[in-house]
Amino acid sequence: MEDRIISSPVRDRNERELKKAELCHRIFRRAQTQIYMEMRFMDVPLHAFGFLPDGQVRGIGTDGKTLKFFPDWILELYTGDPVLVNRTYLHVTMHCLLGHLWSYPALQKTEAQVMDLAFDIATEYLIDGLEVRCIRKNQSFVRKQLYQRLREDGHVITPGRVYNILTGTTPDSGEEWRSPELLQEVEKLRAEFTVDDHHLWRHPEDPKMPLEQQKRWKEMSETMQTEIRLFAKEAGTSSKQLEDLLEIRNRRKYSYREFLKKFSVLREEMKADLDSFDTIYYCYGLEHFGNVPLIEPQETCEVNAVEDFVIAIDTSLSTDGELVKKFLEETWSILSEEGSFHTRVCVHIIQCDDQVREDRRITSREEMETYLREFTLKGRGGTDFRPVFGYVNQLLREKAFSHLKGMLYFTDGYGTYPVMRPLYETAFVFFQEDYRDLDVPSWAMKLILTPEDLELK
């Protein structure tokens with residue numbers, strides 16, 4: 001009697017699901033190849049995922065290690081238009097490269113939904129700006145209208161910037177923004193821009209995995225940033241936005257506290273130098289020579305601290321007054337710590353747009369605290385950096401400073417820079433969310449502050 005294979009509904013369903021998964025794998029491999037052919041610098045990131053079918057995922061999502069997908073959703077998307085699969089695959093990959101998975105703030109439910117949307121909008125804006133045929137699609141009126149809003153101020157488009165434009169607040173600011181009109185706009189934009197499932201970002205199965213994957217993708221983004229420059233002709237000008245975002249993502253983190261030490265000078269002060277004092281010989285003398293110490297602490301010591309300093313504030317229309325005040329408060333907090341100031345100190349806070357509007361000379365903590373309480377921006381015109389340098393040079397000629405070490409210039413970056421290098425160190429300070437990636441003069445330093453640096457949490 002011949003053996004007969006008895007059909008089983010469960011086995012048949014499993015075989016169908018297996019075939020669907022295998023077909024989805026082939027579709028993903030096809031997407032990898034097509035994107036790679038036009039973006040050679042994307043080779044390693046495109047092949048960084050493992051694939052896993054998952055009926056619990058809303059379409060497609062990743063934790064940085066595994067690309068989880070709902071097979072029926074992928075097959076339907078591919079049947080409708082293969083380009084959409086290419087875009088979706090690139091979209092998920094960009095989330096990982098730009099570190100979105102590991103920069104998600106703790107928010108309330110409604111704010112979290114808008115933050116999810118901001119991550120998708122920023123990524124779609126980037127993809128729509130790439131001149132790559134295999135991901136190109138016609139932009140809807142909704143997209144064109146929103147993109148015009150995003151481009152108006154010329155900033156690099158980051159998720160935090162998108163969130164700010166949509167709500168008028170920054171993430172975690174605690175400000176009320178949930179008007180019915182805004183919520184309606186958010187729902188319309190979610191229908192247009194939502195691409196992937198972000199819930200795997202916030203609920204990793206393995207607590208160690210986020211750090212491992214973050215490091216892995218950070219290394220890939222740094223490598224890709226270099227390769228974009230190597231493939232400059234092939235990448236074309238359309239990759240400039242991607243290069244800017246990678247530069248922000250991969251920029252080395254510097255301690256603002258340590259950075260300010262660059263503007264300190266070495267001076268001798270009347271102060272016991274306990275670091276060079278040996279208590280063993282001191283106590284030995286007291287014990288054996290009739291309360292006569294063999295050695296006593298030095299009455300002076302050398303310290304590195306701020307003596308003369310200039311803080312220039314760009315007060316053009318694009319400058320945020322509250323952000324400037326927070327910058328001044330944090331800078332003063334660091335400088336006013338024990339050992340940061342010499343006995344004599346002279347700090348000039350200069351407000352300026354296209355001309356010098358105010359110069360407040362600060363010589364004590366009390367004067368600084370009074371200034372911060374009364375602080376208001378003055379000017380609000382265009383930006384020209386040259387008048388401040390001319391004004392400070394005049395102060396130097398008048399011997400208003402004993403030893404001017406440097407200047408911090410807080411600005412958004414747009415303006416006319418001096419050609420000649422000044423006699424003192426100069427650093428142009430930008431805030432990351434308002435940062436426009438402009439080159440400062442070669443003689444100047446450039447510092448980009450984050451919300452954490454100014455304790456904007």
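Two strands pair if DSSP finds at least two bridges between them. I start there because the first item is a sheet, and strands here are DSSP runs of E, at least two residues, while helices are runs of H or I, at least four residues, both numbered from the N terminus.

A word on the source. This is a predicted model, in which local features need pLDDT of at least 70 and side-chain atom pairs count only at pLDDT 80 or more, while totals for chains, interfaces and linings use all residues. Residues are numbered from 1 along each chain as its sequence is written, and side-chain values use heavy atoms, with hydrogens and water left out.

The overall figures, then. The protein has 17 helices and 10 strands. Of its 457 residues, 47% count as buried; buried means under 20% relative accessible area, exposed means over 50%, and partly exposed is in between, with a 1.4 Å probe and protein chains only. Contact means heavy atoms within 4.5 Å. Among contacts between residues at least 6 apart in sequence, 69% join residues at least 24 apart.

Now the sheet. It is open, has 3 strands in the order β1-β3-β2, and its pairing is mixed. The edge strands are β1, residues 50–53, and β2, residues 60–62, each pairing on one side only. From one strand to the next, the twist averages 25°. Strand β3, residues 66–69, runs antiparallel to β2, and 3 bridges join the two. Within that pair, T62 stands opposite L67 in β3. In general, strands of a sheet pair through backbone hydrogen bonds, either parallel or antiparallel.

Which helix lies across these strands? Helix α4, residues 82–97, lies across β1, β2 and β3, and runs at about 20° to β2. Axes are lines fitted to C-alpha atoms, for helices over the stretch in contact, and angles run from 0 to 180 degrees between N-to-C directions.

Helix α4 also meets α1, residues 9–38: the two axes come within 9 Å and cross at roughly 80°. That makes α1 roughly perpendicular to α4; the bands are under 35 degrees for roughly parallel, over 145 for roughly antiparallel, 65 to 115 for roughly perpendicular, and oblique for the rest. On the α1 side the contacts come from I27, F28, R30, A31, Q32, Q34 and I35, and on the α4 side from P82, V85, N86, Y89 and L90.

Take Y89 from that list. Not counting residues up to four places away in sequence, Y89 touches F28, A31, Q32, I35, L46, F49, F51 and L67.

That leads to the core. A nonpolar core is a set of buried Ala, Val, Leu, Ile, Met, Phe, Trp, Tyr and Cys residues joined through side-chain atoms within 4.5 Å. The largest one has 65 residues, and those with the most contacts inside it are F28, M39, M42, Y89, L90, M94 and I121. Helix α5, residues 109–128, gives the most to this core, with 11 residues. Apart from it lies another core, of 29 residues, among them F309, I362, Y371 and V429.

Next, helix α6, residues 141–151. Its buried residues are R143, L146, Y147 and L150. Where do they sit around the axis? They are on the same side of α6, because they cover an arc of only 105°, the arc being that of the directions from the helix axis to the C-beta atoms. What covers them includes α4, α5, α7 (159–167) and α8 (180–193).

Last, some single residues further along the chain. T426 is in strand β9, residues 425–431. T426 is buried, with a relative accessible area of 1%. Leaving aside neighbours within four places in sequence, T426 is in contact with F389, M407, W443, A444 and M445.

P441 lies in the loop between β9 and β10, residues 445–449. P441 is buried as well, with a relative accessible area of 15%. Beyond four places in sequence, P441 is in contact with Y417, P418 and F428.

Is K399 buried or exposed? K399 counts as exposed, because its relative accessibility is 70%. K399 lies in the loop between α17 (386–397) and β8 (404–410). K399 has a positive phi of about 60° although it is not a glycine. Most residues other than glycine have a negative phi.
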